[in-house]
Amino acid sequence: MSNLLIQNISQIATPKPGVVRGSELRSLNVYDNAAIYISDGSIKAIGALSEVLEKVEGHPVILDAEGKAAVPGFVDSHSHLVFGGNRADEFAMRSAGMSYEEIAEKGGGIVSTVEATRKASKEELKNLGRIRLQKALKQGITTMEIKSGYGLDLETERKMLEVVNELKEEQPIELTATFLGAHAVPKNSTKEEYLEEVLAMIPEIAELAEYCDVFCEKGYFTVEETRNVLEKGIEHGLKPKLHTNQFNDIGGVEMAIELGAVSVDHLEVLSNEDVHRLARANTVATVLPGVSYFLNIPYSPARKLLDAGALVALATDFNPGSSMTISMQLLMSMACTKMGMSVEEALCCATQNGAKALEKNKLGAIASGFQADILLLDTETYKDLAYFFGENHVHTVIKKGVKVWESRG
């Protein structure tokens, strides 16, 4: 399908291409009864069928989309998809009233995931990754960032990043790798000792990742410790990202902006000063409502960030301990009901702004010259994505102009 014409689309809804902030996020480009022409993986024309046909060359494959709306493929800019083990038992214990500390004393928490990930072979992790990526694809995710961080030693961190890089070639979702060695301190190590290990890991794994991330939080890594790790990453070509302000404000946002971080993620606890700092910066503020839902903690003040003019992205934070979901559609609904976003803002944050958080400026919109990552929905309107929650509305997934999944239901 290098030459594809999608016709009879009930409605195309897309963010306006470019850097869109503030009130502009509420205004999508919407085309009714429209068509899209794709050639060599890129969108060549969009609009009324008669206008699009003027741009068609040769004999394209025809895809009829009658009764279906089209939106850009979802861009999940924060995930921890590669890990071993399962923590469903812990969720059941927490749901029955057991505290996180009590679960940790029984060997649960991140320690259990680290142990399971260390024990798993690379092929076992790849098989788990393939299964999860297939689920993500069916939910409309066409681009995804995946972090390491469940190894906490050089051997396992490298293994995780190698899995991400090998999966790039073996399935259709476009993947980006991030090194998150400074995720926590492993057992039987002091923080000082482990930080030295992390700094030594960076030159060893730099060719396997694009970004370096740190969990900058009370009880994990301080601002100065985080700065040291991120600066070492920059020295070796890894651009900075940051987990920060999940439970406490210890100054991570200001430091990240100073370093030119591509994104700062979580932001459940956020001062007005940091809101305005982000509004003046090009650093993307990535919000993760699945974590707030799963852990029953406050939601990030996305409404404040949007109103101030910050670049806001919406991501899953898919991980076994605090956000076991791969559904961007469900997160869009949460963003609307719990974070004050409009449906249009939620769609922009789940597509084009997610692409900004991965520096992919030709993704996240249905526009001429953009990569042809498109979802056809089982509904005539994009609004059902957030309204009819708990359902998967994706009927067809197109990645780089190729149909890579279709519902048989």
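Visitor: Which residue of β16 does T396 stand opposite?

Guide: T396 stands opposite E406 in β16. Keep in mind that this is a predicted model.

Visitor: How do β15 and β16 pair, and over how many bridges?

Guide: In the antiparallel sense, over 4 bridges. β15 covers residues 394-399, and β16 covers residues 402-406. The two strands form a hairpin with 2 residues between them. In that turn, K400 has a positive phi of about 55°.

Visitor: How should I read the side chains of a strand?

Guide: Start with the general idea. In a regular strand, side chains alternate between the two faces of the sheet. β15 is mostly covered, with 6 of its 6 residues buried.

Visitor: Which residues of α8 are buried?

Guide: The general idea comes from the turn. An α-helix has 3.6 residues a turn, so residues three or four places apart point the same way. In α8, the buried residues are V223, E225, T226, R227, V229, L230 and G233.

Visitor: How many aromatic pairs does the structure hold?

Guide: It holds 4. Take F83 and F318. Their ring centres are 6.0 Å apart and their planes meet at 50°, so the pair is tilted. F83 lies in the loop between β6 and α2, and F318 in the loop between β13 and α13, so the pair ties together parts 235 residues apart in sequence. Both residues are buried.

F215 and Y220 form another tilted pair, 4.4 Å centre to centre with 45° between the planes.

Visitor: Is F215 buried or exposed?

Guide: Buried, because its relative accessibility is 6%. Y220, at 28%, counts as partly exposed.

Visitor: Which residues do ring pairs link into a cluster?

Guide: F83, Y150 and F318. R132 also lies over the face of F83, at 3.7 Å from the ring centre. Elsewhere, the charged end of K241 sits over the ring of Y211, 5.0 Å from its centre.

Note on methods
Residues numbered from 1 in each chain as written. Predicted model: local features only at pLDDT ≥ 70, side-chain atom pairs only at ≥ 80, totals over all residues. Heavy atoms only, no water. Buried < 20%, exposed > 50% of the residue type's maximum accessible area, 1.4 Å probe, protein only. Pairing = 2+ DSSP bridges. Phe/Tyr/Trp six-rings, centres within 6.5 Å; stacked < 30°, edge-to-face > 60°. Lys NZ or Arg CZ within 6 Å of the ring centre and 35° of its normal.
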